[in-house]
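Let's take a walk through this structure together, strand by strand and pocket by pocket. Keep the view open as you read.

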Amino acid sequence: MATIKELTDLDERLAPGHRLCGGCGASIAVRQVLMGAGETPVVTGCATGCLEVSTTLFPYTSWNTSFIHSAFENAASTMSGVEAAYRALQRSGKIKKDKDIKFVTFGGDGGTYDIGLQALSGAMERGHNMVYVCYDNGAYMNTGIERSGATPFGAWTTTSEVGEVLKGKVERSKDLTSIMAAHHIPYVAQASVSHWKDLVNKAEKAINYDGPAFLNVLAPCPRGWRIASDKTIEIAKLGVDTNYWPLFEIDHGVWTLKDPKRPKPLDDFLKPQGRFKHLFKPGMEDIRAQMQEMVDEQMEYLRNRVLGSQYLVASEEE
């Protein structure tokens, strides 16, 4: 991995001057991921969403790359078509076969966990040499903070209201990273904008491996999470430190997990966020306890996956 000095010397692939909110986790995720490409030429894509509408206001763009915008649900299939066209041009001799171009596309959790999942699954199954990055901010932020498949249990959104009957979202969020691992692609990883070195390192692996790769990045939304714009990194770090958002990777079938020895209680992550403020009223202790159980259960699942994959590797070596 490059040193921090080398990373800061790289040209910015996402220029300042866009209209994203102050503290937006999506723009931080994009900058860190594209640092992983070094100086290699990159074709970037983006599903409709906060990131796209705020960085490409006609006639301006913040993308210092070749860029293609697609609909909400088909960012993966659009970039897979671009990658396939590139390979066809190489075969026909119109592009030199030794010319190295990388293909990276971005989508929010609404366009990835939900309405774009079919296109994403297809692109991964077909084996396109591309990286798909989900910037996970836990709701459809671009269209009004509606709940998505990534919205955590108990969270307030405009479609998982808090009242006499409902106390926030009643469904558990998808484990999309494990779903992508089930495609048996070369590389899958979960990362956070709060841990830049880990994210850049994982992005570098994903971009440089031959074949499809998927990155799921925790990218807080100050507007939707009801936090101050200068608290993005602090809250994202609490997500990791409380095991709400574990950092793990599946590198050619081998699972690796960063497992804190003394994780903080989940309440430390929930309490600073306005979307969870109802959970700290009297009588809501059971819901918070249930959320802590979900986090603990997920960590135990990941530990077992790690132990299982490493046992198989050890057995093969013997």
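**Starting from strand β4**

Gly108 stands opposite Tyr135 in β4. The model is a predicted one, in which local features need pLDDT of at least 70 and side-chain atom pairs count only at pLDDT 80 or more, while totals for chains, interfaces and linings use all residues. Residues are numbered from 1 along each chain as its sequence is written, and side-chain values use heavy atoms, with hydrogens and water left out.

Helices (H or I, at least four residues) and strands (E, at least two) are DSSP runs, numbered from the N terminus. Two strands pair if DSSP finds at least two bridges between them. On one side, β3 (residues 102-108) pairs with β4 in the parallel sense over 5 bridges. β4 also pairs with β6, again in the parallel sense, over 6 bridges. Tyr135 takes part here too, with Val217 as its bridge partner in β6.

How many residues of β4 are buried? Buried means under 20% relative accessible area, with exposed over 50% and partly exposed in between (1.4 Å probe, protein chains only). The count is 6 of the 6, so β4 is largely enclosed by the rest of the structure. In a regular strand the side chains alternate between the two faces of the sheet. In β4, Val131, Val133 and Tyr135 point one way, and Tyr132, Cys134 and Asp136 point the other way.

Now turn to helix α6 (residues 117-126), whose buried residues are Ala119, Leu120, Gly122, Ala123 and Met124. Their cover includes α4 (75-91), α5 (110-114), β4 (131-136), α7 (176-181) and β6 (213-218). Just after α6, Gly127 takes a positive phi of about 85°.

Next comes the nonpolar core, a set of buried Ala, Val, Leu, Ile, Met, Phe, Trp, Tyr and Cys residues joined through side-chain atoms within 4.5 Å. The largest such core has 89 residues, of which Phe106, Phe214 and Leu215 touch the most other members. α12 gives the most to this core, with 7 residues. Contact means heavy atoms within 4.5 Å. Leaving aside neighbours within four places in sequence, the contacts of Leu215 include Val131, Tyr132, Val133 and Cys134.

In the loop between β4 and α7 you will find Ala150. Ala150 counts as buried because its relative accessibility is 3%. Not counting residues up to four places away in sequence, Ala150 touches Asp109, Tyr113, Asp136, Gly138 and Ser173.

Finally, look for the pockets. On a 1 Å grid over the protein atoms alone, a pocket is an open set of points where a 1.4 Å probe fits, with protein on both sides within 12 Å along at least five of seven lines; lining residues have an atom within 4 Å of a point. The largest pocket holds about 420 Å³ of space. It is lined by 25 residues, and the closest to its centre are Arg172, Ser173, Lys174, Tyr244 and Gln298. α7 and α12 (285-317) are the elements that give two or more residues to this lining, and α12 gives the most, with 4 residues.

The second largest pocket holds about 190 Å³ of space. Among its 17 lining residues, the closest to the centre are Cys21, Cys24, Cys50, Met141 and Cys221. Two or more residues each come from α2 (25-35), α3 (50-55) and α9 (222-225).

Notes
Points joined across faces, edges and corners; volume = space filled by probe spheres on them.
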